Amino acid sequence: MSMSSNRPHDDNPLAPHRGRLLGLAYRMLGSRSDAEDVVQDAYLRFAGAQDVHNTEAFLVTVVTRLCLDRLKSAKAQREIYVGPWLPEPVFDAEGLSADAATELADDLSFALLLALDRLSPMERAAFLLHDVFDTPFPEIAAMLDRTEAACRQLASRARRAVRDNRPAPARAPDNHARLLQAFGEAVTSGNVAQLAALLREDAVALTDGGGRRTAARNPIIGADKIARFFIGIAAKNAGHDMRIEPAMINGAFGALLYLDGELDNTMSMAIDGEKIAAIYIVRNPDKLRHLPAARMH
């Protein structure tokens, strides 16, 4: 049936599905702005569709397929991306929830998104639809135009890869806040040993400038190297007015760093027990444009 015929009369019949659709598209693409575009495109296709019997299934299928198309072109763009690529940080994780009773339904961590980024597009789709959004495999098979057995295999392969590549989530959320504060204090003090002690020996730091801002072109690996890197940056910025504002980034405690009143970067972490396993710095201004205006002042 078309949009104009016997659909429930509602201000916006698509509104109940928006969070799940945005959440799916963001997890697929790692970009909030691209996710918004995909959902808008899916709505337009819905408006022109005939005989839609299940609105949500139709929209999820369209969003999944649009994301798969985008990932093909993203692969080519990624090959010329300058330095490490990180997801676009988001500040409204609750609005992107999978709204499902799965272990990963509310996980929007950079650690998970980077683990997803290592998967093939089809693996990513099968895993997200089943393990995060709790979609039954027969429905996934129809969405991906694959057999049910093939979809189970895709999801299983992805599950193993995610388990291997994603640091264990911190048991207590307050670990994030405490370690973030200790990290800031150690950087300010200039004490390399104090800072290194907060990090796992094999910790990694990724800085995404996208060629638009100065950033380390390669991952920085090892507690001592990371400590020296951040203390070196702090020394270079000593003459600037620097302000650090706590923020919830991708559903976990993080920070916004302002230099001379302008947002310079976002920082988030992956925590393993009592240590920092990974640090993610996003400096690429294209990925910070969607930051709520209230935070920019």
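Predicted model: local features only at pLDDT ≥ 70, side-chain atom pairs only at ≥ 80, totals over all residues.
Arg200 is partly exposed, since its relative accessibility is 27%, and its side chain reaches Asp272 in a salt bridge of 2.6 Å, N to O. The structure holds 20 salt bridges, and its largest nonpolar core has 54 residues. Here is a friendly tour, topic by topic.

**Salt bridges**

- Asp272, the partner of Arg200, is partly exposed because its relative accessible area is 29%.
- Arg200 belongs to strand 1 (residues 199-208) and Asp272 to strand 5 (residues 262-272), so this pair ties together parts that are 72 residues apart in sequence.
- Another salt bridge joins the side chains of Asp286 and Arg212, again at 2.6 Å from N to O.
- That pair links distant parts of the chain, 74 residues apart: Asp286 sits in the segment after strand 6 (275-282), and Arg212 in the loop between strand 1 and strand 2 (220-221).
- Asp286 has a relative accessible area of 31% and is therefore partly exposed; Arg212, with 48%, is partly exposed too.
- Glu245 and Arg243 also meet through their side chains, in a salt bridge of 3.3 Å, N to O.
- Arg243 counts as partly exposed, with a relative accessible area of 34%.
- Arg18, Arg32, Glu36 and Asp92 are joined in a network of salt bridges.

**Nonpolar cores**

- Within the core of 54 residues, the ones with the most contacts inside it are Leu24, Met28, Val63, Leu116 and Leu144.
- At least two residues of this core come from each of helix 1 (18-29), helix 2 (32-47), helix 3 (55-79), helix 4 (110-117), helix 5 (121-132), helix 6 (137-144) and helix 7 (148-165).
- Helix 3 supplies the largest share of this core, with 8 residues.
- A second, separate core has 28 residues, among them Ala182, Ala205, Ile226 and Ile279.
- Leaving aside neighbours within four places in sequence, Leu144 is in contact with Thr64, Leu68, Met122, Ala125, Ala126 and Cys151.

**Helix packing**

- The axes of helix 5 and helix 7 come within 8 Å of each other and cross at roughly 90 degrees, so these two helices are roughly perpendicular.
- On the helix 5 side, Met122, Glu123, Ala126, Phe127, His130 and Asp131 take part; they meet Cys151, Leu154, Ala155, Arg157, Ala158, Arg159 and Val162 of helix 7.
- Helix 6 and helix 7 have axes that come within 8 Å and cross at roughly 100 degrees, and helix 6 is therefore roughly perpendicular to helix 7.
- Here Phe137, Pro138, Ile140, Ala141 and Leu144 of helix 6 meet Glu148, Cys151, Arg152 and Ala155 of helix 7.

**Loop residues**

- Thr135 is found in the loop between helix 5 and helix 6, and it is buried, with a relative accessible area of 7%.
- Not counting residues up to four places away in sequence, Thr135 touches Leu129, His130, Ile140 and Met143.
- Asp145 has a positive phi of about 55 degrees, although it is not a glycine.
- Asp145 lies in the loop between helix 6 and helix 7 and is exposed, with 64% relative accessibility.
- Asn250 has a positive phi of about 50 degrees, and it is not a glycine either.
- The place of Asn250 is the loop between strand 3 (242-249) and strand 4 (252-259).
- Asn250 is buried, because its relative accessible area of 3% is under 20%.

- Cys67 is in no disulfide, and its nearest cysteine sulfur, that of Cys151, is 16 Å away.
- With 0% relative accessibility, Cys67 counts as buried.
- Cys151 is likewise in no disulfide, with the sulfur of Cys67 as its nearest cysteine sulfur, 16 Å away.
- Cys151 is buried as well, at 0% relative accessibility.

Note on methods
Residues numbered from 1 in each chain as written. Heavy atoms only, no water. Core = buried A, V, L, I, M, F, W, Y, C linked by side-chain atoms within 4.5 Å. Buried < 20%, exposed > 50% of the residue type's maximum accessible area, 1.4 Å probe, protein only. Helix = DSSP H or I, 4+ residues; strand = E, 2+ residues; numbered from the N terminus. Contact = heavy atoms within 4.5 Å. Disulfide = S-S within 2.5 Å. Salt bridge = Lys/Arg side-chain N within 4 Å of Asp/Glu carboxyl O. Axes fitted to C-alpha atoms, helices over the stretch in contact; angles between N-to-C directions. Parallel < 35°, antiparallel > 145°, perpendicular 65-115°, else oblique.
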